[in-house]
Amino acid sequence: VDVFRGGPAYFAGLAPNQHIVKVDGLSVQEIGAKKAADLLRGPEGSQVQLQLQTVDERLIDVRVERRRVDVP
């Protein structure tokens, strides 16, 4: 829905309203939102591979370095 300034998604170039459809090759639809959220967490500095669906329904792959997220 949104990208927090200074967070890992921000630094990876993600944009608001892009939807995560895969996390490390696993379909979010198949594994569910809770499991997907668990897969996004990990040691700071490690990386996670995401597949995103853009507003115009394109699929893009992006690697995100995990960092601490401070929610405003």
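Mentor: Before we start, a strand here is a DSSP run of E, at least two residues in length, and strands are numbered from the N terminus. Please keep in mind that this is a predicted model.

Trainee: Thanks! In which strand does I60 lie?

Mentor: Leaving out residues up to four places away in sequence, I60 touches Q18, L50, Q51, L52 and T54. Its C-alpha is 8.3 Å from that of L50, ten residues away in sequence. I60 itself lies in strand β4.

Trainee: Is I60 buried, partly exposed or exposed?

Mentor: The two cut-offs settle this one: buried means under 20% relative accessible area and exposed means over 50%. The relative accessible area of I60 is 27%, so this residue counts as partly exposed.

Trainee: In what order do the four strands of the open sheet come?

Mentor: Let's build it from the pairs. β1 (residues 19-23) runs antiparallel to β3, with four bridges joining them, and β1 also pairs with β2 (residues 26-27) over two bridges. β3 and β4 are paired in the antiparallel sense as well, over seven bridges. Put together, the four strands form an open antiparallel sheet in the order β2-β1-β3-β4.

Trainee: Which strands stand at the edges of that sheet?

Mentor: Look for strands that have a single partner, because one side of such a strand is left without a neighbour in the sheet. The strands in that position are β2 and β4.

Trainee: Is Q51 buried or exposed?

Mentor: Q51 lies in strand β3. Leaving out residues up to four places away in sequence, Q51 touches H19, I20, V21, K22, L59, I60 and D61. Its relative accessibility is 16% and the cut-off is 20%, so Q51 counts as buried.

Trainee: Which element gives the largest share of the largest nonpolar core?

Mentor: That core has ten residues: V3, L14, V23, V28, A36, V48, L50, L52, V62 and V64. The largest share, three residues, comes from β3.

Trainee: Which element gives the most to the lining of the largest pocket?

Mentor: The largest pocket has a volume of about 790 Å³. Its lining has 29 residues, and A9, L14, I20, L40 and L50 lie nearest the centre. At least two lining residues come from each of α1 (8-12), β1, α3, β3 and β4. The most, four residues, come from α3.

Trainee: What is the phi of D24?

Mentor: Most residues other than glycine have a negative phi. D24 sits in the turn of the hairpin that β1 and β2 form, with two residues between the strands, and is partly exposed with a relative accessible area of 42%. Although D24 is not a glycine, its phi is positive, at about 50°.

Trainee: And where is E57 found?

Mentor: E57 also has a positive phi, of about 70°, and is not a glycine. At 60% relative accessibility, E57 counts as exposed. Its place is the loop between β3 and β4.

Trainee: One last one: how far apart in space are E65 and L40, C-alpha to C-alpha?

Mentor: E65 lies in strand β4 and is partly exposed, with a relative accessible area of 42%. Leaving aside neighbours within four places in sequence, E65 is in contact with P8, G45, S46 and Q47. E65 and L40 are 25 residues apart in sequence, and their C-alpha distance is 10.0 Å.

How values were computed. Residues numbered from 1 in each chain as written. Predicted model: local features only at pLDDT ≥ 70, side-chain atom pairs only at ≥ 80, totals over all residues. Heavy atoms only, no water. Core = buried A, V, L, I, M, F, W, Y, C linked by side-chain atoms within 4.5 Å. Buried < 20%, exposed > 50% of the residue type's maximum accessible area, 1.4 Å probe, protein only. Pairing = 2+ DSSP bridges. 1 Å grid on protein atoms, 1.4 Å probe; cavity = no way out; pocket = protein on both sides within 12 Å on 5 of 7 lines; lining within 4 Å. Points joined across faces, edges and corners; volume = space filled by probe spheres on them. Contact = heavy atoms within 4.5 Å.
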